[in-house]
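Dear colleague,

Please find below the structure that I am handing over to you. A short account of the findings follows it.

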Amino acid sequence: MAGRLSGKRIMITAAGQGMGRAAALACAAEGAEVLATDRDPGLLSDLSASGLTTAQLDVTDADAVARVGAGAGDLDGLFNCAGVVVNGDILDCTQADWDTSFAINIHAMFHVTRAVLPGMLRQADRTGAASIVNMASMASSVKGFVNRCAYGTTKAAVIGLTKSVAADFVQRGLRANALCPGTVDTPSLRERIAGAPDPAQAERDFVARQPMGRLAVVDDIAPMVVYLLSDESRFMTGQAVLVDGGVTI
Ligand code: NAD
């Protein structure tokens, strides 16, 4: 039986671990030809052993983005997953924290999208469909969270960028949606918990804000990426899609 993404070529940023990696594997399992990229090539080696195409890509490196984007050809799908969480309220947030958050979470998304969009539009002209999924968060314009000043600001910008691309290209067959997960158990979340003054309490606090009583696992989120990249979601564009375990009920 054909997979739900058979025949589609999809590029994913930050595919080395966490949700990017789970999405890369889920897309490949549904028949997509996946270009999995990450800043850390060591995290990609077993993906290439599993048959995915991989490329080292730091999304903040404009030259590398242009090179990998050009090499990617005319894509059917793009998952802009790269992002970083910086802790702190507006008074704690240093200029460096603010700049890093913007560089990785939103400026890079602007550059990666610009690099591959002309090819995606050519592909949409040929096939009638192309889809972009941008990683936002429930911590964004959707909802405010303590100590997420730079993070929430940049993830709100992701939703704005997504809606702009969706509006500009809806008539060309290109869709764009933003994905807004709740708290997901990934390597960087584990680092944030381990770095807290009281890690056990920090983990309890993360779980306590999830009404379902647990953190998400990456495989709670990857199916939504598959859906949004597939033609099953063909009537959806410009949406901020929450997969948050009920936080925003
Ligand atoms: P993670 O943070 O554990 O891993 C991030 C990956 O990004 C790593 O493989 C890392 O090498 C890569 N990366 C970091 N900077 C990069 C750069 N400049 N260029 C390319 N790759 C880079 O994974 P995660 O927690 O699944 O986070 C992925 C995305 O999901 C981020 O955008 C994050 O903001 C967002 N998000 C996370 C959560 C959560 O609770 N974990 C919730 C909502 C949204």
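The notes below concern the ligand and its surroundings.

This is a predicted model, in which local features need pLDDT of at least 70, side-chain atom pairs count only at pLDDT 80 or more, and totals for chains, interfaces and linings use all residues. Residues are numbered from 1 along each chain as its sequence is written, and side-chain values use heavy atoms, with hydrogens and water left out.

The ligand is surrounded by 28 residues (a residue counts if one of its heavy atoms lies within 4 Å). The closest are Met19, Asp38, Cys81, Thr186 and Ser188. By class, this shell has 13 nonpolar, 10 polar and five charged residues (Ala, Val, Leu, Ile, Met, Phe, Trp, Tyr, Cys and Pro count as nonpolar, Asp, Glu, Lys and Arg as charged, and the others, Gly among them, as polar).

Polar contacts are pairs of N or O atoms within 3.5 Å. An oxygen atom of the ligand lies 2.8 Å from a polar backbone atom of Met19, and an oxygen atom of the ligand is 2.8 Å from one of Val184. A nitrogen atom of the ligand is 3.3 Å from a polar backbone atom of Arg39. Taken alone, the ligand exposes 830 Å², of which the protein buries 94% (accessible areas by the Shrake-Rupley method with a 1.4 Å probe).

Domain 1 (9-181 + 220-238) and domain 2 (183-215) both give residues to the shell, so the ligand lies between them; the domain bounds come from an automatic or database domain assignment.

Yours sincerely

Note on methods. Polar contact = N/O pair within 3.5 Å; in protein donor to acceptor, adjacent residues only side chain to side chain.
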